[in-house]
Amino acid sequence: MSSAVLEVKNLKKHFPIRSGLFNRVVGQVRAIDGVSFSIEKGKTMGLVGESGCGKTTVGKTVLRLHDKTEGSVLLNGKEIFSIKPKELRKLRPKIQIVFQDPYSSLSPRMPVGEIIGEAVREHNIVPPKDFDAYITRIMKSCGLHEYHKDRYPHEFSGGQRQRICIARALALDPEFIVCDEPVSALDVSIQAQIINLLEELQQEYKLTYLFISHDLSVVQHISDTVGVMYLGNMVEFATKDDIFAEPLHPYTKALFSAIPVPDPTVKMERIILEGSIPSPANPPSGCKFHTRCRDCMAKCKTEAPAEREIKPGHTVVCHLYD
C-alpha cells in the first residue's frame, strides 16, 4: 500500500477561450497538460517554474477548487473528483491552502478570532465549550497572542497577517496544505520566520505540504522533493539533494543558474534564456521548451520527449537522455 498522502496522475486542466457574438469556444488554454507526482506523508514537495507555467493551477486543482479536464487526484488513495458533495464537505477541513497575498485573503470586516474560528465552528471541529480555548491555542502555535482575537486585519503587519492565514488553515486540523507562494509578499527577514514556523508546525502536527514558490533558495531549504514545471508540464522531478546537486533538464539548469551566491569572489555562470514563454493556448510542437533551448536538436521540434528515470526517483523529460 502506498504511503503517499497525495498522488496526482496525468492531471490536465484546460480553460476554454470564448469569442464572438455567441460566446463560442474557439480554443483552450492548456494550464496543466499532463502532470504526475506524489507526496509522502509528513513531507514537503516544492513546485517551481516561471510565472504562468501552471504552478498555482496545480495547487488549486488538487484541492478541487478547479474542476479537472483529465487525470486523477488521489488523497489517501481516494479519488477526490469522484466523491459526492456531502463527503467532500467532510473532506474539506483536511485539505487547506495558504494564499500568496495575506492582504487580500483576509476579510477586512471580521476580527481575527472570527476569521480563524469561522470554519472551525461551521465544521464542528471542537465542542462549543472548548471553542475559545482551542482558537487561543492555535493562535499561540502560530506566534499570535490571545489579545489579537478582537483586532482586525488592517492592524497587523504583512508577516502577522500571513500567520493569521496559517492559523486559519491549521485550525481545521488538516493533513495536507497547499502553500501558494506564502512568503513572496514578505520582507526577507520575515520570510525566514514564516518558513521556520511552517517547518515547526509540520513537525508538531505531521503536516504534508505542496510548497509553490519562485524563490529557489526557499524551496531548497524547506522541500524534500522538487518538481520543475514549464508551460503546463513537469519537466524534471527528484529529491531536493539530487536536483540541486545535478540538474538535468536545460530549463532546470537555467533556473538554478539564477540563484545568487553570497560570495563576491565567485563568478556566476548565468544561463540566459532567449525569447519569452510561448502561449499555453498555442504551445509549440514537439518539446515545448525547444524554442528557448540552446541544446535543441532536430527531433525536439517535432517529437515530444517521454519521461525517463535517470536514476531512482530522478525523472526528466528531455531528448538529451534518450
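Q: Let's start with Leu6: what is its bridge partner in S4?
A: That would be Leu75. Keep in mind that this is a predicted model.

Q: Okay, and how do the strands S1 and S4 run, and how many bridges join them?
A: S1 covers residues 4-19 and S4 covers residues 70-75; the two run antiparallel, with five bridges between them.

Q: What holds paired strands together in general?
A: Backbone hydrogen bonds do, and the pairing can be parallel or antiparallel.

Q: Which sheet do S1 and S4 belong to, and in what order do its strands come?
A: They are part of an open sheet of four strands, ordered S2-S1-S4-S5, with antiparallel pairing. At the edges sit S2 (24-40) and S5 (78-79), each of which pairs on one side only.

Q: While we're on S4, is Ser72 buried or exposed?
A: Ser72, which lies in strand S4, is buried: its relative accessible area is 16%, and the cut-off for buried is under 20%.

Q: And what does Ser72 touch, apart from its neighbours within four places in sequence?
A: Ser72 is in contact with Glu7, Val8, Lys9 and Glu79.

Q: Switching topic: what about Glu236, buried or exposed?
A: Buried, with a relative accessible area of 1%. Glu236 belongs to strand S10, residues 233-239.

Q: So which residues is Glu236 in contact with, leaving aside neighbours within four places in sequence?
A: Quite a list! Val226, Gly227 and Val228 are among them, and so are Ile243, Glu246, Pro247, Leu248, His249 and Thr252. Further along the chain, the contacts of Glu236 include His314, Thr315 and Val316.

Q: Now S6, please. Which way do its residues point?
A: S6 spans residues 95-98. Ile95 and Ile97 point one way, while Gln96 and Val98 point the other way, and all are buried.

Q: How do S6 and S7 run, parallel or antiparallel?
A: Parallel, with four bridges joining S6 to S7, residues 176-180. One of the pairs to look at is Ile95 with its bridge partner Phe176 in S7.

Q: Helices next! Which residues of H4 are buried?
A: H4 runs over residues 131-141, and its buried residues are Phe131, Tyr134, Ile135, Thr136, Ile138 and Met139.

Q: What covers those buried residues of H4?
A: The cover includes three helices: H3 (112-122), H5 (158-170) and H6 (188-205).

Q: And what follows H4?
A: Gly143 does, and its phi is positive, near 80°.

Q: Zooming out, how many helices and strands are there?
A: Nine helices and twelve strands.

Q: How much of the protein is buried?
A: Buried residues make up 48% of the 322. As for contacts with a separation of 6 or more, 63% are between residues 24 or more positions apart.

Note on methods:
Residues are numbered from 1 along each chain as its sequence is written. This is a predicted model: local features need pLDDT of at least 70, side-chain atom pairs count only at pLDDT 80 or more; totals for chains, interfaces and linings use all residues. Side-chain values use heavy atoms; hydrogens and water are left out. Buried means under 20% relative accessible area, exposed over 50%, partly exposed in between (1.4 Å probe, protein chains only). Contact means heavy atoms within 4.5 Å. Two strands pair if DSSP finds at least two bridges between them.
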